[in-house]
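Please look over the model shown here.

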Amino acid sequence: MSSTDDLQSSPPEVSGATQAADVPDSLLNRLMDQHEAEVQLQNLHLHSGDGSQETGTEAAIPVQQRSGSPTTPSNLTETMDDSDVTYAPTDDDEEEEDSSHSVEFIAETQVQEEEIQSTQLAPPQSSQMLESHQESAAAAVRDSTEDLGDSELDAEIERHEQEAARLRQLRAARRARPEHGPEPRRVRARVTPEQERQVTRHRQASIEQFVRNVRVRGADLPDPGREPASRRLSAHPEPSEIPLPEDEQQLHEQWISTANDVIPEHASIYSDFRLAFGDETDEGRRSREDEIKGIAKVLFDFKQNRRPGQHAMLKGREREGKTGALFSIALAAIILRMRVVILCAPNKVAPVVDMVKKIRAAGFGKYWNVRHTLGKKAIKDNDIPSSDVGQIFVAALGTLADLKKVKQFIQGEARGGHCTVTLIDECDELTQGRGNRTLNVPHHEDPATYQHYITSDARGEDEEDDDIPDFDPDSRRAMRGARKGNIAAASHFFKTELFKRTQVFACSATLSGYMLNPVGVFQHHLETPIFMVYPKPGYRGIEKFVIPEGCALENEGNLSLDQFKDSEPVQRMLRRFYDRENVCDGVRLEPRDRCRGGAVKLRGMLFISCSPKVNVYGGVEDIAREVCNTVDSWADVQGLGIHDSKETMFVCFVGKPTVRFGNKWLKMPSGASLETIYNRTAQEARRGSFSGLQLGLNEPFSSVCKHVVLIGYNLTRRAMTAAFTPADEPGVLCKLQYGILTAPKTLTIDAVSQRFNRASHDFGDYEVPEAYCVDVAMSPVALDMCKEFRKLEDEMVDEQRRNPRIHAEFRQQIQVFAKNLEDARVSKRNIRLAELSRTGRLRKEMMEREAIADRDPRFIEFKRWLRGDYVQENGQPYLESTWETYCRIVRREFLDEEEDIEVIVERAEDRVRELNALPRRGPEVQNEYQALKRFVEHRRARA
């Protein structure tokens with residue numbers, strides 16, 4: 001007797017519905033091994049009158065429907081379709097890869113279910129879905145057989161089949177006993193359409209418990225005396241009820257409707273992702289519509305072709321709402337029944353924690369689950385909910401183990417019919433440092449070969465001078481790869497395993513490093529779409545950084561502890577900070593719309609970022625102690641205790657953040673934000689943890705914590721919000737208004753500018769004073785270079801958005817040499833920015849040689865002679881314009897400062913004779929003839 005025959009004991013409720021026979025024998029054996037066969041059979045048949053039977057043990061299927069609504073194993077899967085089936089591989093916090101056994105089983109079951117279903121799966125009630133994220137899915141169970149070999153698995157399968165046959169025979173024999181009587185007929189109760197919808201969703205909510213036979217917190221039997229809460233379908237549509245858009249316009253309209261539904265009513269401007277691509281002005285609405293439709297085009301092309309296209313890029317400055325833009329793209333993808341991966345950088349804990357919290361604050365938890373790769377300790381320390389299933393998967397970009405889990409997620413969703421969109425936050429982190437992997441990069445994707453794919457009519461002097469051949473992007477030559485060495489593991493895995501499986505949207509404040517990734521992430525012959533965060537009127541960035549008088553650092557590179565102690569600019573900046581001399585420190589910021597809230601007071605903090613050292617001499621703790629010594633020395637010298645170092649809180653933002661306050665050190669959990677650290681320290685002060693500092697019950701922490709100093713280096717580049725409102729002072733905005741900033745001697749301009757921009761901020765709805773600025777003690781050269789680099793990035797994005805071009809011609813338009821940035825370095829691989837675009841190289845080289853010629857004393861002598869000594873036949877000197885033209889022509893002869901003057905004169909004489917022999921000479925040729933003739937006359941007269 002087959003397992004199918006045994007399990008078809010009850011008639012189907014819906015024609016064509018999935019039968020319990022689809023449950024594999026291995027699952028049936030697990031159910032039977034855990035309980036007596038008789039008890040399992042009773043649990044599998046849930047009668048309409050009383051839900052599941054009481055057996056003294058946990059029911060195999062937690063019941064979540066109304067009394068009187070029948071549920072059988074056959075109808076638990078009958079309503080699942082690709083709108084909400086989520087691949088759910090198990091993952092262990094201590095392992096690098098997941099259980100392949102459970103992964104394959106879940107994926108196969110979901111594919112079978114999706115092929116035969118007729119209605120859509122809706123998630124559990126919104127009040128149960130993701131407030132804790134632990135009530136929406138069953139915990140993963142690690143199978144003991146997952147490490148067996150093929151032969152051992154075959155033997156295990158055979159053993160289970162024999163055991164299943166024995167149990168079936170036992171069941172058949174017991175059913176045949178006369179004392180059992182005829183099996184009661186199962187008749188489906190009459191239910192209304194609304195009851196049927198609710199029963200269906202409760203069945204779906206418990207499918208994971210049925211498959212895994214694991215009790216889930218929140219999935220217990222309902223209280224028979226309490227009526228389940230209403231779903232309020234009209235006000236809160238389920239994802240399965242969101243219409244599937246057919247074109248860009250419909251997706252835009254559905255995006256607006258869904259965003260209005262999921263975003264919490266009182267969400268902050270940082271959580272309201274509707275503002276990412278536009279505000280509520282007419283211009284802002286048009287901008288939002290254009291961006292969403294552009295994103296929709298990329299998504300539709302991906303879904304229809306089932307093949308990812310050119311990577312799209314998202315540009316946004318630090319603290320300007322890039323995360324909201326990522327969420328906007330994520331929502332558009334989910335509406336199209338896609339799945340979303342969000343990769344965070346640079347490390348495994350802090351960025352993932354920050355991203356998961358932001359996803360919850362944005363309201364996605366109302367309907368959708370979020371998976372992530374955080375371990376148990378990080379989950380506990382940061383109070384982060386965990387889920388084993390989800391439409392959104394958050395992982396760390398640079399962690400190989402996380403990327404392997406991402407691959408599993410994408411593959412599993414592909415089996416279920418879902419395309420996956422990958423959003424890379426801080427995408428330039430994917431251009432990693434040197435590793436030990438090698439990679440074959442196709443010619444048409446190699447960053448070094450972009451000039452070969454510039455069309456003939458778009459080529460300039462830089463392409464023509466080097467005689468660069470044209471390449472057909474569809475030819476075998478274009479597909480042929482070049483071997484690239486020293487590739488890091490995560491970059492290598494991304495290119496080989498993820499590149500062709502998912503549509504990528506790459507996001508960063510600086511895009512140059514990502515474009516120059518040696519693994520090749522762009523195809524030169526395809527147009528590169530770029531989306532941009534809507535410029536916020538309240539944003540203030542690096543352009544507002546100023547170096548006060550006496551605060552310019554003259555040191556080259558970072559500061560040692562001794563240099564920090566002895567630096568006069570550092571001492572001046574410390575004094576400015578403690579005396580709060582910044583023009584906006586303490587200023588009240590008024591809201592633009594007085595109806596949306598009251599004013600806030602700006603309270604400045606100090607950012608010290610001058611050394612990457614951590615736990616060695618000269619590290620973050622030593623810098624904090626030195627600042628304390630400096631502050632205490634002021635009181636000793638002046639005899640006045642104006643400032644007390646015990647009233648300064650130092651936040652050392654390193655791998656595991658630490659705090660110094662009241663001469664006491666505290667450890668904070670990894671991934672904790674500056675706001676969380678401040679509020680936790682305030683709680684400790686209220687408990688009396690700091691001797692000599694008494695804080696009343698209703699007193700704000702600022703009454704004893706007068707100043708806040710942030711000390712950090714590498715980790716302050718990413719996933720670090722350096723502005724917050726204290727929990728006990730809602731009318732205050734704490735923000736970095738002072739900085740002591742340095743850069744290493746080998747300057748990677750993108751990383752340095754990102755770190756400096758921690759002090760940038762979007763003030764949202766508040767009016768910012770015209771005189772606003774951030775006071776910094778730093779090198780003027782480094783500051784100017786950072787500003788020029790950011791202008792370059794902004795201009796290249798603006799040009800591509802105005803006139804979209806293929807990637808090769810997009811790079812050709814970037815003016816690296818014109819801004820004198822060709823020697824600047826980007827990314828962890830220290831790639832020269834000149835590699836981004838060679839346009840202007842020849843012109844730049846010519847200008848450099850002309851500068852050499854202008855310093856040549858032989859040429860200087862000729863210019864003086866032509867201006868002062870030479871007169872025309874009419875007795876008049878040359879006009880100024882004529883003199884400049886002749887000098888410019890003769891300058892070409894002096895470009896090589898090593899060349900002898902006899903060689904130069906001989907070449908000029910030959911050219912004069914050549915031009916003199918021409919029957920006719922145009923204006924340009926005539927100017928050249930007259931200029932060189934005058935030069936020859938000068939040299940003869942001098943001889």
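The questions and answers that follow concern a predicted model.

Q: How are H9 and H11 oriented to each other: roughly parallel, roughly antiparallel, roughly perpendicular or oblique?
A: Helix H9 spans residues 248–262 and helix H11 spans residues 322–335; the two pack at an angle of about 110°, with axes 10 Å apart. Angles of 65 to 115 degrees count as roughly perpendicular. The orientation of H9 and H11 is therefore roughly perpendicular.

Q: Is the crossing of H9 and H11 left-handed or right-handed?
A: The two helices pack with their axes 10 Å apart. The crossing of H9 and H11 is right-handed.

Q: How many charged residues are in the contact of H9 with H11?
A: On the H9 side the contact is made by Leu251, Gln254, Trp255, Thr258 and Ala259, which meet Ser328, Leu331, Ala332 and Ile335 in H11. By class, the contact has six nonpolar and three polar residues, and the number of charged ones is: no charged residues.

Q: Which residues does Arg625 pair with in salt bridges?
A: Side chains of opposite charge can pair when their charged atoms come close. The cut-off for a salt bridge is a nitrogen within 4 Å of a carboxyl oxygen. Arg625 has its closest N and O atoms 3.1 Å apart in the bridge with Asp622, and the N to O value is 3.5 Å in the bridge with Glu621. The partners are Asp622 and Glu621.

Q: What separates Arg625 and Asp622 along helix H21?
A: Helix H21 covers residues 620–638, and Glu621 and Arg625 lie in it four residues apart, about one turn. Arg625 and Asp622 are three residues apart in H21, so their separation is about one helical turn.

Q: Is Glu621 buried, partly exposed or exposed?
A: Buried means under 20% relative accessible area, and exposed means over 50%. Glu621 has a relative accessible area of 26%, so the class of Glu621 is partly exposed.

Q: Is Lys819 buried or exposed?
A: Lys819 is placed in the loop between helix H25 (807–812) and strand E22 (825–826). Under 20% relative accessible area counts as buried. Lys819 is at 18%, so the class of Lys819 is buried.

Q: Which residue meets Lys819 in a salt bridge?
A: Leaving aside neighbours within four places in sequence, Lys819 is in contact with Glu788, Lys791, Leu792 and Glu795. The salt bridge of Lys819, at 3.4 Å from N to O, is with Glu795.

Q: How many residues apart are Lys819 and Glu795?
A: The side chains of Lys819 and Glu795 meet in a salt bridge. This pair links distant parts of the chain, with Lys819 in the loop between H25 and E22 and Glu795 in helix H24 (residues 780–802); their separation is 24 residues.

Q: What is the phi of Asn820?
A: Asn820 is found in the loop between H25 and E22. With a relative accessible area of 54%, Asn820 is exposed. Asn820 is not a glycine, yet its phi is positive, at about 60°.

Q: Where does Arg580 lie?
A: Arg580 is a residue other than glycine with a positive phi near 55°. At a relative accessible area of 26%, Arg580 is partly exposed. Arg580 lies in the loop between helix H20 (568–579) and strand E12 (588–589).

Key:
Residues are numbered from 1 along each chain as its sequence is written. This is a predicted model: local features need pLDDT of at least 70, side-chain atom pairs count only at pLDDT 80 or more; totals for chains, interfaces and linings use all residues. Side-chain values use heavy atoms; hydrogens and water are left out. Axes are lines fitted to C-alpha atoms, for helices over the stretch in contact, and angles run from 0 to 180 degrees between N-to-C directions. Angles under 35 degrees count as roughly parallel, over 145 as roughly antiparallel, 65 to 115 as roughly perpendicular and the rest as oblique. A crossing is left-handed if the near helix is turned anticlockwise from the far one by less than a right angle, and right-handed if clockwise. Contact means heavy atoms within 4.5 Å. Ala, Val, Leu, Ile, Met, Phe, Trp, Tyr, Cys and Pro count as nonpolar, Asp, Glu, Lys and Arg as charged, and the others, Gly among them, as polar. Buried means under 20% relative accessible area, exposed over 50%, partly exposed in between (1.4 Å probe, protein chains only).
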